[in-house]
Amino acid sequence: MICLVAFFSMSSEALHAPVLPFMVEPLNPSREALGLVLEMYTFSTVLFIIVVSFITNRVGRKNILAPCLLLNGVAGVACYFSTDMTTLLAFSFVQGIGIAGMLPIAMTMVGKLYTGLDRVNAMGTMSMITGIGAVSAPLIGGILASYAWNVPFLFYGLSIQLAIIVAFALPETNSHENRSKDKQSIIKALAEFRILNTIILSFSIFFLLYTMVIYVLFILKDNYGFTSIQAGLALGVEGIAMAGISSRARSFSARFGKRKLLMAGFGMTGLSLGGLIFASSLNQILALLLVFGAGFGMVQPQLNTLATQVAPPGMMGGIVSVFNIMKYAGQTAAPLLLAVVLFHSDIQIVFATSCKFAFVVAFSTYSSKDIYERLDG
């Protein structure tokens, strides 16, 4: 059930991506307005994620998760009936409020239900499912959009059914006596280095992910004439590698430890981004996407586990919420900052910049040996 929650929370943007070109005719928006459809989810999610966390700590996780799923489903289906962009953006905003509570609560529940390597295994399974979602959601959206531009929104009706199952079958992991007992403020907790470091790593890996996702499309389109569907299938290679490696998170963590996996993961993302500078064939690009997905699959389950592991008693929900905010910050910062780099140079410099950043992060992880040894111990 928790994995399905994660799937729905991560699939919204990917599901809509193939639909965007088809919105032009029925809703007659500008090209700039089309981008707002995806940005509206991110904006409302970031805006409400801490608010939802605050309420969750006082009401209970399942008591908030089920309504969030219901809100996501109802608002998503309501988008199907939109007849203009204003209405669609309004429902998208409401849907983002539901998404704000889904992934943070799912991660926190895993952190409470499992410990040690079992927690790593559960986070790995959840990362595997989101990886599968990254591959399947664009295909689902594209297939449904072949009937009509708004049909993909009906997919969110499944979230309503999941809300009912969660309400009756999922255990509550935040007992009454533990609610509203935060020992310190989030700001004070973030001053602790291992918490701050985990938050920064969350930003970093999603900054690198969106460098790859956005700018590799330029190469595929300009050099090889890929259509949007072909580009989506090419990016699916990355998702397959991500899912495959994430599924082995427990065994990798037991054998190598978090620090080595994070070092290797960030190193592989840097290697793949740097390799794009010199790639001269489509097969080489696909191989580099495979390497990047494997690196991301090494990092994500370990970071998700760390976010629940480093949180002080009574503050897991708050720390996990900030952790997820930094994911969205990384997603937002990549196109904004690298657009400036691209404006003053070329796409090779964009990849070189992110490559250097990845290796700096990998080296900083290597320098934090004592922290990760204590956590693994």
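**Exercise 1. How much space lies in the largest cavity? State also which residues line the largest cavity nearest its centre.**

Setting: the model is predicted, with local features requiring pLDDT of at least 70, side-chain atom pairs counting only at pLDDT 80 or more, and totals for chains, interfaces and linings using all residues. Residues are numbered from 1 along each chain as its sequence is written, and side-chain values use heavy atoms, with hydrogens and water left out.

Solution. 

Step 1. Grid points are joined across faces, edges and corners, and the volume is the space filled by probe spheres set on the points.

Step 2. Four cavities of 30 Å³ or more are found in the structure. The largest holds about 70 Å³.

Step 3. Lining residues have an atom within 4 Å of a point. The largest cavity has 13 of them, and S53, T56, P104, I105 and S321 lie nearest its centre.

Step 4. At least two lining residues come from each of α3 (31-59), α5 (85-113) and α14 (316-344). Helices here are DSSP runs (H or I, at least four residues) and strands likewise (E, at least two), numbered from the N terminus.

Step 5. By class, the lining has five nonpolar, seven polar and one charged residue. Ala, Val, Leu, Ile, Met, Phe, Trp, Tyr, Cys and Pro count as nonpolar, Asp, Glu, Lys and Arg as charged, and the others, Gly among them, as polar.

**Exercise 2. Describe the chain as a whole: its secondary structure, its burial and its contacts.**

Solution. 

Step 1. The chain has 16 helices and zero strands.

Step 2. Of its 377 residues, 52% count as buried (buried means under 20% relative accessible area, exposed over 50%, partly exposed in between; 1.4 Å probe, protein chains only).

Step 3. Take contacts (heavy atoms within 4.5 Å) with a separation of 6 or more: 84% of these join residues 24 or more positions apart.

**Exercise 3. Is N72 buried or exposed, and which side chain does its own side chain join in a polar contact?**

Solution. 

Step 1. N72 belongs to helix α4 (residues 61-79) and is buried, at a relative accessible area of 0%.

Step 2. The side chains of N72 and Q95 make a polar contact of 3.0 Å (N or O atoms within 3.5 Å; within protein, one must be able to donate a hydrogen and the other to accept it, and residues adjacent in sequence count only if both atoms are side-chain atoms).

Step 3. Leaving aside neighbours within four places in sequence, N72 is in contact with residues including F8, S12, Q95, Y156 and S159.

**Exercise 4. Which backbone oxygen does the side chain of S246 reach?**

Solution. 

Step 1. S246 lies in helix α10 (residues 228-246) and is buried, with a relative accessible area of 0%.

Step 2. Its side chain reaches the backbone oxygen of M242 at 2.8 Å.

Step 3. Residues up to four places away in sequence not counted, S246 touches G124, T125, S127, M128, G297 and P301.

Technical notes
On a 1 Å grid over the protein atoms alone, a cavity is a set of points where a 1.4 Å probe fits but cannot get out, and a pocket is an open set with protein on both sides within 12 Å along at least five of seven lines; lining residues have an atom within 4 Å of a point.
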